Amino acid sequence: MSLTLPRESFVAIAAVAWADGWMKKTETEGLKRAAKACGLSDGDFESVEAAAKGGVDLATLDVSGMSGWQRAVTYAIANWLARIDGVVNTEELKNLRSLGKLLDLPQAKLDAAG
């Protein structure tokens with residue numbers, strides 16, 4: 001069992017962070033540092049950089065290869081990042097709901113992550 005998060009996790013987190021139309025430089029740098037710490041390959045890291053730079057549509061992500069814990073941790077981090085500034089706007093909530101559906105997480109896990 002892998003104990004790291006895949007590229008799709010970081011791209012999904014960036015998509016939620018971009019829901020309000022921008023991502024703070026500190027958020028971008030933190031996401032990129034975390035991706036590097038997870039040992040993403042150069043190509044995967046470039047995908048994360050691109051998503052952090054301009055966002056991405058969640059519908060384009062294939063999360064079928066993610067384990068249950070990777071899905072749960074991805075959602076929890078995205079939820080935390082959306083809430084960290086104290087304001088969760090309508091678009092962020094919409095993207096969080098979309099991410100929860102995409103990750104096929106049960107309501108109890110979604111609630112726990114919140």
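Modeller: Buried means under 20% relative accessible area, exposed means over 50%, and partly exposed lies in between, with a 1.4 Å probe and protein chains only. This is a predicted model, in which local features need pLDDT of at least 70 and side-chain atom pairs count only at pLDDT 80 or more, while totals for chains, interfaces and linings use all residues. Residues are numbered from 1 along each chain as its sequence is written, and side-chain values use heavy atoms, with hydrogens and water left out.

Biologist: Does Lys32 count as buried or exposed?

Modeller: The side chain of Lys32 meets that of Glu29 in a salt bridge at 3.5 Å, N to O; such a bridge is a side-chain nitrogen of Lys or Arg within 4 Å of a carboxyl oxygen of Asp or Glu. Glu29 is partly exposed at 30% relative accessibility. For Lys32 the relative accessibility is 19%, so Lys32 counts as buried.

Biologist: About how many helical turns separate Glu29 and Lys32 in helix H2?

Modeller: Helices are DSSP runs (H or I, at least four residues; strands are E, at least two), numbered from the N terminus. Glu29 and Lys32 are three residues apart in helix H2, so their separation is about one helical turn.

Biologist: Within what arc do the buried residues of H2 fall?

Modeller: The buried residues in H2 are Glu27, Thr28, Leu31, Lys32 and Ala35. They line one face of the helix, because the directions seen down the axis of H2 stay within an arc of 130°. That arc is taken over the directions from the helix axis to the C-beta atoms. The face turned away carries the exposed Lys25, Thr26, Arg33, Lys36 and Ala37, and the arc of the buried residues is 130°.

Biologist: How far apart are the end C-alpha atoms of helix H2?

Modeller: The expected span is 1.5 Å times one less than the number of residues. Helix H2 (residues 25-37) has 13 residues and should span 18 Å, which agrees with its end C-alpha atoms being apart by 18 Å.

Biologist: With which residue does Arg7 meet in a salt bridge of 3.7 Å, N to O?

Modeller: Arg7 is partly exposed, with a relative accessible area of 23%. Glu8 forms a salt bridge with Arg7, with the closest N and O atoms 3.1 Å apart. The partner at 3.7 Å, N to O, is Asp44.

Biologist: Does Gln70 count as buried or exposed?

Modeller: Gln70 is found in helix H4. Its relative accessible area is 7%, so Gln70 is buried.
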